[in-house]
Amino acid sequence: MSKKLVILAAEDDPNDLELLRHVVAETGVEVNFQAADDGEQLIQYLRGAGPFADRDQHPIPDIVVLDLKMPRVNGFEVLQWLRQEPGLARIPAVVLSGSGLESDIEEAYRLGANTYFTKPGQLAELREGLGTSAALATIWRELNHLGLTFKKNGTRRRTAPR
């Protein structure tokens, strides 16, 4: 029996979260989809703190999907924290942000994002961006297959040209 892919998404907009859930469900890949309302809750989840202490219910994710512009703890802060945490730093981080600003994209990659998608406004655009061919699952498998490593200074080895 194969393990379900665990995706943890941090998104403060319930409509965007539902859209992401829908697109992921359409891929046909068996997914355990977990969600956090913001970066602070995502960090709590990853630490296994409070309501996330039960790892059977809240397993360590295979992929983290982050919005950048969230209240309390934003996506940049989550990336910075994540890449400094032993045992968690290698989890692939996919940014799905409403910002297409080059400065935001560069900062996200500098802080250790593996992939950056700009949020589309429509379901069809999100399908195209993430692909109906299980892009998130593919990203996870490829990153793990390549043994992506993160250096101490926060830079990363690229897995594909941008």
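These are my notebook entries on a predicted model of one protein chain.

**Ground rules.** I number residues from 1 along each chain as its sequence is written, and I use side-chain values from heavy atoms, with hydrogens and water left out. In this predicted model, local features need pLDDT of at least 70 and side-chain atom pairs count only at pLDDT 80 or more, while totals for chains, interfaces and linings use all residues.

**Entry 1: the whole chain.** I looked up the secondary structure and found six helices and five strands. Both are DSSP runs numbered from the N terminus: helices are H or I with at least four residues, strands are E with at least two. From the N terminus on, I read the order as β-α-β-α-β-α-β-α-β-α-α. Next came burial. Of the 162 residues in the chain, 46% are buried. Buried means under 20% relative accessible area, exposed means over 50%, and partly exposed lies in between (1.4 Å probe, protein chains only). I then checked contacts, meaning heavy atoms within 4.5 Å. Among those between residues at least 6 apart in sequence, 65% join residues at least 24 apart.

**Entry 2: helix 1.** I checked the length of helix 1, residues 14-26. The expected span is 1.5 Å times one less than the number of residues. For its 13 residues that gives 18 Å, and the end C-alpha atoms are 18 Å apart, so the two agree. Which residues of helix 1 are buried? I listed Leu17, Leu19, Leu20, Val23 and Val24. They sit on the same side of helix 1, because they cover an arc of only 160 degrees around the axis. That arc is taken over the directions from the helix axis to the C-beta atoms. On the face turned away from the buried side I found the exposed residues Pro14, Asn15 and Ala25.

I also looked at both ends. At the start of helix 1, a side-chain oxygen of Asp13 comes within 2.8 Å of the backbone nitrogen of Asn15. After helix 1 comes Gly28, with a positive phi near 85 degrees.

**Entry 3: Arg72.** I found Arg72 in the loop between strand 3 (63-66) and helix 3 (75-82). Its phi is positive, about 65 degrees, although Arg72 is not a glycine. Is Arg72 buried or exposed? Arg72 counts as exposed, because its relative accessibility is 57%. Leaving aside residues up to four places away in sequence, Arg72 touches Asp38, Glu40 and Glu77. Its side chain makes polar contacts with the side chains of Asp38, at 2.6 Å, and Glu40, at 3.4 Å. A polar contact is a pair of N or O atoms within 3.5 Å; within protein, one must be able to donate a hydrogen and the other to accept it, and residues adjacent in sequence count only if both atoms are side-chain atoms. I also noted Gly39: it is 33 residues from Arg72 along the chain, yet their C-alpha atoms are separated by 7.0 Å.

**Entry 4: aromatic rings.** I counted one aromatic pair. Tyr45 and Phe52 form it, tilted, at 5.3 Å centre to centre with 50 degrees between the planes. Rings of Phe, Tyr and Trp (its six-membered ring) pair if their centres lie within 6.5 Å; planes under 30 degrees apart are stacked, over 60 edge-to-face, and the rest tilted. Both Tyr45 and Phe52 are buried.

**Entry 5: Ser97.** I located Ser97 in strand 4 (residues 93-97). Ser97 counts as buried, because its relative accessibility is 0%. A polar atom of its side chain lies 3.0 Å from the backbone nitrogen of Ser99.
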